[in-house]
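Subject: Structure handover

Hello,

Here is the structure I promised to pass on. Please open it beside this email and follow along.

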Amino acid sequence: MGADSAEAVFDAATLRALGEVCDLVSTEALHDFTTAHAVLAEVEVLVTGWGCPPLTAAVLAEAPRLRAVVHTGGSVRDLVTPACWDRGVVVSSAAAANALPVAEYTLAMILLTGKRVLERARHHRLERRADDWLRTPKTIGNHGRTIGVLSASMIGRRVVDLLRPFDFHVLLHDPFVTEGAVPGVELVGLRELFTRSDLVSVHTPLLPETRGLVSRELIAAMPPDAVLLNTARGAVVDQDALTEAVRDKRIRAVLDVTDPEVLPPDHPLWDLDDVLITPHLAGSQGNEWRRLADTAVAEVGRWGRGEEFAHPVRRELFGQLA
């Protein structure tokens, strides 16, 4: 894995815990498979993280005993290759553990945008006087708000779960979900999701068929003052169309991801009042890395006891984790 991710996730306590459920070939993280021949030759389970190079046929040739991969990140799309599946390597991912903080961020932003907290706080800082709360527009608030969830991915489903206690009507679009598969939501078509939702939360993985999925047409179909919330990938959204819609004050946006990941300093989105841009912070950070580490240790323990992984990645689904 990458040096930074290894240091963040695998502290001394985690390495001790890992050493209690397996024999560690090395306590030093591997950052380059080309110089790790001796270590790879002994490895049966490889614990990986962000920045890990792909497990190509050449790498697997150096690791004849490798039978399992425990990934401390989410998607394994750039890590696991067909050669892994062909050998029969079993794979586990911490996508479920990483889904929780993203869903928590999403819930927080849904509630904050409903009350227009950030804009009203900025206005209050400038005005520095009492607010006439009895004159609050009826468009502000979270009572009976319609929330659209785009994609019943692992994160999308977790968002739906977190929304259950609140007074929201939840719409869901996912072409692979059947009626009743996700309780408490109304399944709708893609365009209907955008025309009816006060906020659309994007949880679609970036695949060739989803690039630009949130098109100019769909953005234009959103109700006035609706919110587009994106914690998936920036390229899922037509960013030019979104920029125009926010600049024209037709909709608002909360973006934890953009395309590119960091926008150029002169990009107009930086200076628009009706957009909040955060630096891809929704996923696991800080003390939330402990959840990823604990998940990995538990999975290695299961494998060592001859048990199935609690969070397996199936070959037919491995590219869709998000």
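Which residue in S3 is the bridge partner of alanine 68? It is valine 90. Before going on, note how the values were made. This is a predicted model, in which local features need pLDDT of at least 70, side-chain atom pairs count only at pLDDT 80 or more, and totals for chains, interfaces and linings use all residues. Residues are numbered from 1 along each chain as its sequence is written, and side-chain values use heavy atoms, with hydrogens and water left out.

Helices (H or I, at least four residues) and strands (E, at least two) are DSSP runs, numbered from the N terminus. Two strands pair if DSSP finds at least two bridges between them.

Three strands make an open sheet, in the order S1-S2-S3. The pairing is parallel. Strand S1 (45–48) and strand S3 (90–93) are at the edges with a single partner strand each, so one side of each has no neighbour in the sheet. On average, neighbouring strands here are turned by 15 degrees against each other, direction ignored. The axes behind such angles are lines fitted to C-alpha atoms, for helices over the stretch in contact; angles run from 0 to 180 degrees between N-to-C directions.

S1 and S2 are joined by four bridges. Valine 45 is opposite alanine 68 in S2. Leucine 46 is opposite valine 69. Strand S2 (residues 68–71) is also joined to S3 by four bridges.

Now look at the side chains. Buried means under 20% relative accessible area, exposed means over 50%, and partly exposed is in between (1.4 Å probe, protein chains only). From S2, Ala68 and Val70 point one way, while Val69 and His71 point the other way. All of them are buried. S1 has a covered face with Leu46 and Thr48, and an uncovered face with Val45 and Val47.

**The seven-stranded sheet**

A second open sheet has seven strands, in the order S6-S5-S4-S7-S8-S9-S10. Its pairing is parallel. Strand S6 (186–187) and strand S10 (275–277) are the edges, each with a single partner strand, so one side of each lacks a neighbour in the sheet. S8 and S9 pair over five bridges. In that pairing, leucine 229 has valine 254 of S9 as its bridge partner.

Two helices to find next pack on this sheet. Contact means heavy atoms within 4.5 Å. Helix H6 (residues 95–114) touches strand S4 (145–150), strand S5 (168–173), S7, S8, S9 and S10. The direction of H6 makes about 160 degrees with that of S8. Helix H8 (residues 154–163) touches S4 and S5.

**The cores**

A nonpolar core is a set of buried Ala, Val, Leu, Ile, Met, Phe, Trp, Tyr and Cys residues joined through side-chain atoms within 4.5 Å. The largest one has 27 residues. Phe194, Val214, Ile219, Leu228 and Leu242 have the most contacts inside it. Several elements each supply at least two of its residues, including helix H9 (190–196), strand S8 (226–230) and helix H11 (239–247). H11 gives the most, with four residues. Another core lies apart from it, with 25 residues, among them Ile110, Val149, Phe168 and Val170.

**Cysteines**

A disulfide is a covalent bond between the sulfur atoms of two cysteines. The rule used here asks for a pair of cysteine sulfur atoms within 2.5 Å. The count is zero. Cysteine 52 is buried at 12% relative accessible area. Cysteine 84 is buried too, at 0%.

Most residues other than glycine have a negative phi, and most peptide bonds are trans. Serine 151 has a positive phi of about 95 degrees, although it is not a glycine. Serine 151 sits in the loop between S4 and H8 and is buried at 9% relative accessibility. Histidine 280 also has a positive phi, about 50 degrees. Histidine 280 is partly exposed, at 29%. The peptide bond from aspartate 259 to proline 260 is cis, with omega near 5 degrees. Proline 260 is in the loop between S9 and S10.

Best wishes
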